[in-house]
Amino acid sequence: MIPRFFKSLYWKISALLLCLFLVIGAVYVYVTVFTAEMFLQETAQQIYQPLAHRLTAEIEPHVGQPGERDSLHQLFLRVRSYNPGLELYFLSPSGEILATSVDHRLAFNTVQLEPVKHFLASKSEDFILGADPCGLVNEKVFSAAPITRGGELVGYVYLIVHGREYDSLDQMLFDSYILRLGARSLLVTLVAAGFVALFVLALLMKKLRTMTAAVKSFEKGNFDSRIAVSSNDEVDELALAFNSMAETIVHHVDRLKEADRQRRELVANISHDLKTPITSIQGYIETLQLKGSSLPEEERSRYLQIIIAGTERLRRLVDQILELSRLEAGHTHPRPEPFSLSELVQDIVQKFQPQAEKHRVRLQTLLPDSVPAVSADIGMIERALQNLIDNALRYTPADGDVVVQLTREGKDVLLEVSDTGQGIPPEDLSHVFDRFYRAEKSRSAELGGTGLGLAIAQRIVEAHGDHLIVRSAVKRGTTFSFHLPLDRPEQAS
Ligand code: ADP
């Protein structure tokens, strides 16, 4: 079994690099040695050409003479004594070997003449390999010259250059100082390149390992786990992508947690708010049932009033819960239409006058002479306005003022509901639009509050593209405001 360590990407890439370098090295050495040898042979072919020509003059007198083979053999041995890298042959015009410097048995008795003729025809400029009569290597570099007598061809002098000294490349490599030096330099270069590649690879792997650790830690639930990013290469880009993905996941998890918390809170609030009036209604009904006939008429009617108020409160609460859930689910879409906001404000204020009188609060409007028509869902805006005026009347003590004001602001109309009531403490201001939030819990419940009126008004205003704004000072009063767009802003000036 292969240990896990060696299965790592680092070792796989390292092994691949090693193989690659070995192949490159081998190919490089082979190409270099081969080219060098070819160059040497080409040079040798050029160099021995004059010798071949000179030899023709020495060979010619022996041709056709008795003992030709022996006398030429002696001549060749003499030449070889100061040119040990040569094998000399005398060929007949048809390529038959008539004399040679070689002492042992030859592999072939004839030499293919095509290369010789090609070489002579090219005036010894082309690099051509010819047959080796010794047969050790298929082809070898040679030099040749024709021997003529009285203008007639009597044979060829055929020189195999280098003889058998460099029959193999590795032998040549070990024999050549320059090639050895080149091979060593190549080895050093490859080893250095290998080390640099492994070092770079190790750095990369270190980064990847850090990333893997961070991702695994995140996977195990450590949502704070992030990857430290130092530069901006591709790996860091991946790290950045992970970090931003982690942020998104954390954000969504937080939102889910918050939604879950809100859902629990909502259920608890609804249960609590329903339970209180139901318990009270049940209590009074049971009392009426038990002592109905024995109770004085006044008492009975008071109990009945309380029961009616309780059921009214229940109906209001259920209505508001349904309305808010429809708004939050996005089921209620505003259907904008042009209408006069001044007229709507006056109508609603008129409807609230009896309630204002009951609380002994002055309810007034402050409307400019002409307010152009706005474009909004009239039913929804009426609902939001009712909630704001209702709140203002409930949280303003007797002798206070409630003012509904309209102001033209560019392409919008600003609607403000202000009161001189108890105000909202600063710490509650940011929460008043939350569902079931009541600044003064006992007092709000006492005043019939459900904690849903402002949440509904806010969703309505948001559906119209604005936000409900609250400004308040404790014991001085509160102002709620929002904008509605003019129906024809360009014409209405
Ligand atoms: P509620 O039915 O309790 O009035 P709302 O959502 O309408 O619920 O208001 C939330 C809370 O904001 C109220 O309980 C109250 O404490 C505070 N609030 C709302 N309007 C006013 C106001 N005009 N003056 C003072 N406090 C207010």
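Predicted model: local features only at pLDDT ≥ 70, side-chain atom pairs only at ≥ 80, totals over all residues.
Q: How do you know that the length of helix H8 agrees with its number of residues?
A: H8 covers residues 297-328, which is 32 residues. The expected span takes 1.5 Å times one less than that number. This gives 46 Å, and the end C-alpha atoms are 46 Å apart, so the two agree.

Q: Which residues of H8 are buried, and what do they pack against?
A: The buried set includes Tyr 303, Ile 307, Gly 310, Leu 314 and Leu 317. Gln 320 and Glu 323 also belong to it. The buried residues of H8 pack against H7, helix H10 (378-394) and helix H13 (453-463).

Q: Why is Glu 416 called buried?
A: The cut-off for buried is under 20% relative accessible area. Glu 416 has 11% relative accessibility, so Glu 416 counts as buried. Its place is strand E10, residues 412-419.

Q: What makes the link between the side chains of Glu 416 and Arg 471 a polar contact?
A: The limit for such a pair of N or O atoms is 3.5 Å. The side chains of Glu 416 and Arg 471 are joined at 3.4 Å. Beyond its neighbours within four places in sequence, Glu 416 also contacts other residues, among them Val 403, Thr 407, Thr 479 and Phe 480.

Q: Why is the pair of Phe 218 and Phe 242 called edge-to-face?
A: A search of the whole structure finds eight aromatic pairs. Ring centres must lie within 6.5 Å, and planes over 60 degrees apart count as edge-to-face. The centres of Phe 218 and Phe 242 are 5.7 Å apart and their planes are at 85°, so the pair is edge-to-face.

Q: Why does this pair tie together parts that are apart in sequence?
A: Phe 218 lies in helix H6 (residues 177-219) and Phe 242 in helix H7 (residues 234-291), so the parts tied together are 24 residues apart. Both Phe 218 and Phe 242 are buried.

Q: Why are Phe 433 and Phe 480 also classed as edge-to-face?
A: Their ring centres are 6.2 Å apart and their planes are at 80°, so this pair is edge-to-face. The pair links distant parts of the chain, 47 residues apart. Phe 433 is in the loop between helices H11 and H12, and Phe 480 is in strand E12. Both Phe 433 and Phe 480 are buried.

Q: Which residues do ring pairs link into a cluster?
A: The cluster consists of Tyr 89, Phe 119, Phe 142 and Tyr 158.

Conventions: Residues numbered from 1 in each chain as written. Heavy atoms only, no water. Helix = DSSP H or I, 4+ residues; strand = E, 2+ residues; numbered from the N terminus. Buried < 20%, exposed > 50% of the residue type's maximum accessible area, 1.4 Å probe, protein only. Polar contact = N/O pair within 3.5 Å; in protein donor to acceptor, adjacent residues only side chain to side chain. Contact = heavy atoms within 4.5 Å. Phe/Tyr/Trp six-rings, centres within 6.5 Å; stacked < 30°, edge-to-face > 60°.
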